[in-house]
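Me: I'd like to go through a few local spots in this model. Can you take my questions one at a time?
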Amino acid sequence: MVTKRSRRGAPSMRAALVALAVLLCVPFAFAAEKKINVAYSSISGNMAPLWIAHEAGFFRKYGLDTELILIEGGSRAVQTLGAGDAVFAQMAAPGVIQAALRGADAVMIAGVVNTLTFQFYVDKEITEPDRLKGKAVGVTRHGSSTDFAMRFALDKYGLKPESDVAIQQLGTMPALVAALESKKIQGAMLSSPFTLKARKAGFRLLADLQMLGLEYQHTGLVTTRATIKSQPELVRNFIKAYVEGIHYYKTRRNESLAILQKYLKVDDQEALADVYEAIGLTLVPEKPYPTLRGIRTILMELSARDPAAANARPEQFVDMTFIRELDKSGFIDALYKAPAALASAKPAPPAATATKSPPAPEEKAKPPVKASPAPKAQPEPTKVAQAPAPQAKSSAAAGASSPAAAGAQVAAPSSAAGQAYTVQPGDTLSRLAARHYGSPFQWEKIYAANKATIKNPDYIFVGQKIILPPAGN
């Protein structure tokens with residue numbers, strides 16, 4: 001009898017053991033997915049790779065349950081990292097560099113946008129830079145990339161920040177546009193899609209900062225060295241998800257536009273397409289290495305008021321270990337050789353509130369398409385020794401959509417001295433020389449003919465009237 005009872009009880013015992021094993025395994029299943037906070041410092045198209053990697057499910061694919069948090073301003077984002085309230089942050093590089101110079105544990109592990117993306121829009125009554133004297137202009141935050149771009153532009157125009165032109169920090173791009181509309185400020189540094197909104201509102205494009213052709217570490221992905229040391233696999237998985245997000249961004253147009261619409265809170269499809277093409281396809285690199293030359297540009301600007309910047313080296317602020325690993329292993333190249341699609345058949349449904357990552361995306365077999373490289377800038381007549389940065393659009397394309405450049409075509413010869421010409425977005429003296437004389441190095445000919453109106457050969461402004469002397473002169 002005992003033997004029979006034992007045999008009858010055996011299945012029950014086995015079932016109990018299996019149930020216990022399942023219960024014991026459940027916590028481990030949940031523990032395998034690590035919950036982390038990730039900060040981003042502004043509502044702009046430069047943040048799109050992070051949003052897309054999150055919404056498309058790539059972080060969850062690599063075992064990360066991410067929550068995205070808007071922390072406006074680079075300095076505050078670095079503080080969030082230092083306090084342990086976020087593990088990663090996507091933000092403008094000047095804030096990272098300034099914080100690191102003051103001893104903060106912050107390091108860039110990826111370069112998201114490696115050139116200036118801003119356009120300088122002004123009140124329609126500001127027809128030339130000198131008319132900004134005594135006026136106010138706006139940036140997102142002091143020390144941000146918009147602040148750097150504004151100070152750089154004002155200096156090129158011969159205007160002194162603060163004394164000639166007041167600089168106000170207003171927090172966000174939407175706030176800058178609102179301040180322009182209310183006449184609280186007379187100029188602002190804007191990026192897409194807010195440039196399109198300003199243009200439609202009738203504001204004047206004074207300068208396209210990409211005309212400078214500078215490498216500049218605009219936006220970067222940041223963590224702490226303590227995190228890299230203690231959790232290298234976490235950083236490795238985050239970067240893997242991130243570069244897959246960039247690939248998705250470049251190859252899934254409709255889904256990406258839907259995600260941009262959610263985060264930018266913009267319904268204008270033309271504006272969203274402008275962000276996608278000008279930033280996503282053109283400026284965000286497939287292999288997001290930080291630019292050491294671009295960091296050097298920032299250090300040069302900071303050294304005027306921070307002695308520590310003068311002695312700093314760009315390498316101090318980056319750790320390229322993880323990007324280099326993925327690049328050398330062929331991981332990134334394989335993404336772009338794999339089946340993909342630039343334009344999806346159907347737009348993605350509106351995304352839900354961004355608190356947790358959605359399920360990982362499925363692989364689909366579609367033909368690969370890569371973004372065309374942006375045209376390279378011609379050599380600039382500048383004393384700042386930097387390599388040219390990629391341009392978002394050609395001058396003709398940019399000029400066609402700008403009110404400042406509307407009708408800005410080369411006129412018939414106005415005199416024996418040469419042709420009258422109105423500067424369009426994307427123009428530089430070297431590009432004009434290449435176009436009209438066949439050589440960018442003849443920019444000095446144009447400068448010599450316009451010394452009365454061109455104060456600085458490195459920086460002409462949109463809408464400026466100049467003379468192009470005859471080729472034989």
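Predicted model: local features only at pLDDT ≥ 70, side-chain atom pairs only at ≥ 80, totals over all residues.

Me: Leaving aside its neighbours within four places in sequence, which residues is Asn450 in contact with?
Reply: Asn450 sits in the loop between α19 (443-449) and β13 (465-468); helices (H or I, at least four residues) and strands (E, at least two) are DSSP runs, numbered from the N terminus. A polar atom of its side chain lies 2.8 Å from the backbone nitrogen of Ile467. Setting aside neighbours within four places in sequence, the contacts of Asn450 are Ile466 and Ile467.

Me: Is Ile36 buried or exposed, and what is its relative accessible area?
Reply: Ile36 belongs to strand β1 (residues 34-40). Buried means under 20% relative accessible area, exposed over 50%, partly exposed in between (1.4 Å probe, protein chains only). Beyond four places in sequence, its contacts include Leu64, Val87 and Phe238. Ile36 is buried, and its relative accessible area is 3%.

Me: How many residues of helix α2 are buried?
Reply: Helix α2 covers residues 48-55 and is mostly covered. Among the buried ones are Trp51, His54 and Glu55.

Technical notes. Residues numbered from 1 in each chain as written. Heavy atoms only, no water. Polar contact = N/O pair within 3.5 Å; in protein donor to acceptor, adjacent residues only side chain to side chain. Contact = heavy atoms within 4.5 Å.
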